[in-house]
Amino acid sequence: MQERSSGRELAEQLRSELNRYSPGGKLPSSRALVERFRVSPVTVSRALAQLAAEGLVVTRPGAGAFRARPREGRAAVGDTSWQEVALSADGSAEPSPRTVDASGVLVSLASPPPGVIEFNSGYLHPSLQPEQAMGAALSRAGRRPGVWARPPVEGVPELREWFARSIGGAITAAEVIVAAGGQSALTTALRALAPPGAPVLVESPTYPGMLAIARAAGLRPVPVPVDADGVRPALLADAFRASGARVFVCQPLFQNPTGAVLSADRRGEVLRIAREAGAFVVEDDFVRRLVHEDAGPLPGPLAADDPDGVVVHVSSLTKATSPSFRVGALAARGPVLERLRAIQVVDTFFVPRPLQEAALELVGSPAWPRHLRAVSRELRNRRDTLTAELRMRLPELALPHIPSGGYHLWLRLPDGTDEPALVAAALRAGVAVTPGRPYFSAEPPAGHLRLSFAGVAGAGEIAEGVGRLRAAVKGSTAGF
């Protein structure tokens, strides 16, 4: 992490000094930069690569780096207004016009300005990622015979077998397709199960990325409220009858954003209701590997208790590793499996074999269980730290549920709070938080915030972040 920060800092320093050199002029050698700034050659290489990507310098192997010459002339200014007509001309004929709104997803993907504490991240902080283990796994995978050969479109057999064992029940490797992460798997599932214009039942609140997938596919999300025990079966049955939907998307374990776990008595009810409606349940099992140390035994995936092919299971290694380690799985039974396979092949062909082989190396290494234990312990500590800080310094923010898994807390704001104004005030105070509005497919019952404790550096940064949030709350006109 420090190496990356140093690379950005060195790039900024060199950028500020470029005017010392004439266009085409040579910059100091890498060795000279290493000695002057007391950084590693890797840092210098990253800084120069950044400036080259920005078009400010040109690197020539064996010769060094040179200030780029300015481009001659100005690019012609075109008129792209015609695209507004082209992109929307057929929308009136669609039962549910497709919209591509990534704002709810970008909240947790965008990097905030330097110095801002990230309570909005959807991934582990680099200090929690198994970087050495992933690097070693990738290195070992690169030496495997045939690693650059085309893989089976369904995935490397050994990796499919590993995912099948992880799901449990009677799921077999033949019923698993390797996918490029959970988001890709969800996209494939929704495209396979529902035609444009169809309703799809979703938990309320729910993951904004899934709502974005549904709307981009022309589907109509229909909300079904959740409580501390997960989705409410009576309302689920009502929603199936009222909408005619044939798909329900849910996160039974540590639901995003509430952290709820579907209770034992509701699990069978959900499957029974979907089966009677002739519908599929898409199970997004996204954080099973981010269980907290004090969680106790976990319920298995819904797919493990489903002999009739009601459940299409989605899981991923990404949340427990790195945002760039995009390896996941789709599991299903019956004719739907062929449709899932066909759509994935059309969209992406297959997941690159080197990444699949690296995943096999990682999950088969002694470092993998050690990593999961360390993350489990650290997430519990961070959750407890954030909970204690909020109760002490911001008791007016209601915390209805403290989860024993996942990476965030879901807070309800006092009635009358201006949620966007508070989020903006927090960012000005130096802390990025996730607004609650994107998690609702219809009008939200109240304002909310989601605070992630996984993407920060540690307990000290959590305390500082809550202090900044408190300053934003107290200094804003958000209704407190």
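## Terms and model

Two strands pair if DSSP finds at least two bridges between them. Helices (H or I, at least four residues) and strands (E, at least two) are DSSP runs, numbered from the N terminus.

The structure is a predicted model, in which local features need pLDDT of at least 70 and side-chain atom pairs count only at pLDDT 80 or more, while totals for chains, interfaces and linings use all residues. Residues are numbered from 1 along each chain as its sequence is written, and side-chain values use heavy atoms, with hydrogens and water left out.

Strand 8 covers residues 247-250. Val247 and Val249 point one way from this strand, and Phe248 and Cys250 point the other way. All four are buried, where buried means under 20% relative accessible area, exposed over 50%, and partly exposed in between (1.4 Å probe, protein chains only).

Strand 8 runs parallel to strand 5 (residues 199-204), and two bridges join them. Phe248 in strand 8 is the bridge partner of Leu201. Strand 8 also runs parallel to strand 9 (residues 280-285), with four bridges between these two. Here Cys250 has Glu283 in strand 9 as its bridge partner.

Helix 11 (residues 264-276) forms a right-handed β-α-β unit together with strand 8 and strand 9. A crossover is right-handed if, with the strands pointing away from the viewer, the path from the first strand over the helix to the second runs clockwise.

## Aromatic pairs

A pair of aromatic rings is described by the distance of the centres and the angle of the planes. Rings of Phe, Tyr and Trp (its six-membered ring) pair if their centres lie within 6.5 Å; planes under 30 degrees apart count as stacked, over 60 as edge-to-face and the rest as tilted. This rule gives four aromatic pairs. Trp162 and Phe163 are edge-to-face because their ring centres are 5.2 Å apart and their planes stand at 75°. Trp162 is buried, at 13% relative accessible area, and Phe163 is buried at 0%.

Phe349 and Phe350 make a tilted pair, with 6.4 Å from centre to centre and 40° between the planes. Phe349 has a relative accessible area of 55%, so this residue is exposed; Phe350, at 24%, is partly exposed. Elsewhere, ring pairs link Trp410, Tyr439 and Phe440 into a cluster.

## Charges over rings

A charge sits over a ring if NZ of Lys or CZ of Arg is within 6 Å of the ring centre and within 35 degrees of the ring normal. The charged end of Arg60 lies over the ring of Phe66, 4.2 Å from the centre of that ring. For Lys319, the charged end sits over the ring of Tyr123, at 4.3 Å from its centre.
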